[in-house]
Amino acid sequence: MPPPEERSSIQVQSERAVLAAVRLPHSTYDKSDPFGELRSLTEQAGAVVVGELTQSLQRPVSGTYMGSGKVQELRQLCEALDATTVIFDHDLSPKQIAGIEEVVERKVIDRSELILDIFASRANSAEAQLQVELAQIEYTYPRLKAMWSHLERIVGSGGLAGVGTRGPGEQQLEIDRRLVQARRNDLEREIRVVQDRKRREVQKRKSEHFTVGLAGYTNAGKSTLFNTLTSGGAYADNRLFATLMTRTRQWDLGGGLPVMLSDTVGFVRDLPHNLIAAFRATLEEATHADLLLIVLDVSDPAAELQYQTVTHTLDELLKETAEREKKDKQHWTPPQRVLLLNKADRLRDNSQVLVWQAKVPGAIPICALPAGGTRGSDHFTAGLGQAELASLVRTNAQGEIRLLDLTLPLAEAKAVHLIENRGEVLDRNYNGSEVTLRVRIGSRQLDQIRAGGTKMKISPRDDGAAPPAPLAPERPLGPVGGRKSQSGQDPRAGRYFRSLIGHLGRHATLAQR
C-alpha cells in the first residue's frame, strides 16, 4: 500500500477506524469499558469503529508509543478490516505520529486531535469558532506539515521572482510557522476582547442577581436540567458536546425571587489544555457564579471517574481564576459547590446514592426531566429532587433572614414593590413623603435592592422576636461538612426517595420475575 497522502484537515467522516491504546500503570480510564468513551467520540466525529487494539506497558516507547511488534499487529489489523484511520486514546508527539504512520501506512490521530475535530464541527457561534480555531492552531503549531499552499516570499540568491526577492532563502516550514504565529496573535487579540466583554457582563449580572452555574461531564444532563428549570431552549441531545455555547436564563424560584442560571460546556477526560484555555471566556459563568451545581450521571458505571475529571478540571480553572483576579487586584470568592446526582430514577435502589452522599455530603439525587415526563418506555414521576434543589438555592439566594425597619421615600415605588415581593412585610407606617416597612427579608436580597441606588434608612429590630422558620432544609454546601449519624450515613438521605418507592419497587418485582 502506498504511504499516506499529506492531509490538510483532520476530518474523519465516513472513515473506517481502528482504536488503539497503551495502558500505563497511571492511566485513567473506565476499566469496565476501556474504549467506551473513545468509541463514542469517534462516532460523534462521523467515523465507523471497526476494531480495537490495546497494550499494557510500564512506560511508553519513545518512537512509536507502543511496542514495535504491537505496531506491526496494528498494521495487520487495519489491513484485515480495511481501516483507513487509527485513533489513539491519548496524546502523541509529532515524532510518534510520524513513526506509527510510517509502519501502518494509514492516518494516525490522537485523542486531542479527535476532540478538536468534534468541537470544530459543533462551533456555531462566532465566539466558539474563534476559540476552537485558536485551540487547533495551538495543537497544530508543533505538528506543521506544510498544510498551506502558497508562494514563498523569499526564494534565495537566484530567485525567479526578480529584484527584491533575492535573499538567504526560507524553508516552507519556517514560512508556515510564521504565518501560524501571526494568525495566533490575531486570534488571541480577538479572544481577549471577547473575554473582557464576557467578564463585564458576568460582573454586572452578579451585582444585580444571585447567579447559579451548571457544570459537569459532557452528556450528564446539564442542558436538560437547564431547560426544565428555565425557559432556556438550550439544545439537548444524547451525544457528547451537544452544545459549546454558554446560555444564561432567569430561573424563577417563586415568591418574587429570580436567579440567573447558566449552562456551560461539558468536560471530558483528558480534555486538551489549550482547548480549556481557549474556552476560558465561555467558562467565566461557572468560575464567577455564586453557586455551582455539578451535574453527575449517577447511573453511568464510570460516574466515579467522571466526577474526578470534573472536580480536577474545576480546581485547575478556579486556581487560574484566583491568580488572574489577584493580579488584576479584583475581589473574587470561589463559588460554593453542590453535587446533583442526576438520573437517580434509573437506579434499582438507593444504595449508590447513599454511597455518594457519604462521600460528598449534601449531594442531591435528582431527575432533570420535567415532572410527568417519560424516559424511554418506562413511565415515572419525574421532577425528583427539583423541589429540594429550588429550596436550597432559595435559601442561599436570600442569605440570612433579618427583621428590619426600612424607611424610604414614597417616590421609590419600584424599591417598595421589590421589598414587598422579596420579603415578608409585617407592618407599614406612612409619614408624609416616607414609608417605614417592618419586613423580614434576606440579606442578599436587600443588598441587591440597595445596589440599584435606592436610598433607605435601615434600622435592625432586636425586640426579642423569635427567629423565622427556615425557608428551606439546612444542607451543607460543597464536599465538606454535613451531619451524619453514628453509622456514618446522612440521616436525611432516605427522604429523597419517597417519590421513587413505586418506581424502584417495579424494578425489584421485575428482577424477581
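Biologist: What share of the protein chain counts as buried?
Modeller: In this predicted model, 48% of the 513 residues count as buried. The chain exposes about 25300 Å², with 49% of that supplied by carbon and sulfur atoms.

Biologist: And how many helices and strands are there?
Modeller: The protein chain has 15 helices and 16 strands. If you take contacts between residues at least 6 apart in sequence, 69% of them join residues at least 24 apart.

Biologist: OK, the core. Which residues touch the most other members of the largest nonpolar core?
Modeller: Leu74, Phe88, Val108, Leu339, Leu341 and Trp356 do, out of 69 residues in that core. Strand 1, residues 16–23, gives the largest share of this core, six residues. Apart from it there is another core of 25 residues, including Leu293, Val295, Val338 and Leu389.

Biologist: What does Leu339 touch, not counting residues up to four places away?
Modeller: Leu339 touches Ile294, Leu296, Tyr307, Trp356, Val360, Gly362, Ala363 and Ile364. Trp356 is also on the list of core residues that touch the most other members. As a general point, nonpolar side chains tend to be buried together in soluble globular proteins.

Biologist: How far does helix 12 reach from its first C-alpha to its last?
Modeller: Helix 12 covers residues 386–398, 13 residues, and reaches 18 Å, close to the 18 Å expected at 1.5 Å a residue. What follows helix 12 is Gly399, with a positive phi near 80°.

Biologist: Does helix 10 match or depart from the span it should have?
Modeller: It agrees: the 25 residues of helix 10 should span 36 Å at 1.5 Å a residue, and the end C-alpha atoms are 36 Å apart. Helix 10 runs over residues 303–327, and Lys329, which follows helix 10, has a positive phi near 60°.

Biologist: Thr313 sits in helix 10. Is Thr313 buried or exposed?
Modeller: Thr313 counts as buried, because its relative accessibility is 9% and the cut-off for buried is under 20%.

Biologist: What does the side chain of Thr313 reach?
Modeller: The side chain of Thr313 reaches the backbone oxygen of Thr309, at 2.8 Å. Leaving aside neighbours within four places in sequence, Thr313 is in contact with Phe267 and Ile276.

Biologist: Switching to strands. Which way do strand 13 and strand 15 run?
Modeller: Strand 13 (residues 401–409) and strand 15 (residues 434–442) run antiparallel, joined by nine bridges.

Biologist: How many bridges pair strand 14 with strand 15?
Modeller: Seven, in the antiparallel sense, with strand 14 covering residues 424–431. Tyr430 stands opposite Val435 in strand 15.

Biologist: What do strand 14 and strand 15 form?
Modeller: They form a hairpin with two residues between them, and Gly432 in the turn has a positive phi of about 65°.

Biologist: Next, helix 14. Where is Arg450, and what is it in contact with beyond its neighbours within four places?
Modeller: Arg450 is in helix 14, residues 443–451. Beyond those neighbours, Arg450 is in contact with Met456 and Ile458. Its C-alpha is separated by 8.6 Å from that of Ala415, 35 residues apart along the chain.

Biologist: Why does Arg450 count as partly exposed?
Modeller: Because its relative accessibility is 44%, and partly exposed is the range between under 20% for buried and over 50% for exposed.

Biologist: Is Glu105 buried or exposed?
Modeller: Glu105 counts as buried, at 17% relative accessibility.

Definitions and conventions. Residues numbered from 1 in each chain as written. Predicted model: local features only at pLDDT ≥ 70, side-chain atom pairs only at ≥ 80, totals over all residues. Heavy atoms only, no water. Buried < 20%, exposed > 50% of the residue type's maximum accessible area, 1.4 Å probe, protein only. Contact = heavy atoms within 4.5 Å. Areas by Shrake-Rupley, 256 points an atom, 1.4 Å probe, with all protein chains shown as cover. Expected span 1.5 Å × (residues − 1). Polar contact = N/O pair within 3.5 Å; in protein donor to acceptor, adjacent residues only side chain to side chain. Pairing = 2+ DSSP bridges. Core = buried A, V, L, I, M, F, W, Y, C linked by side-chain atoms within 4.5 Å.
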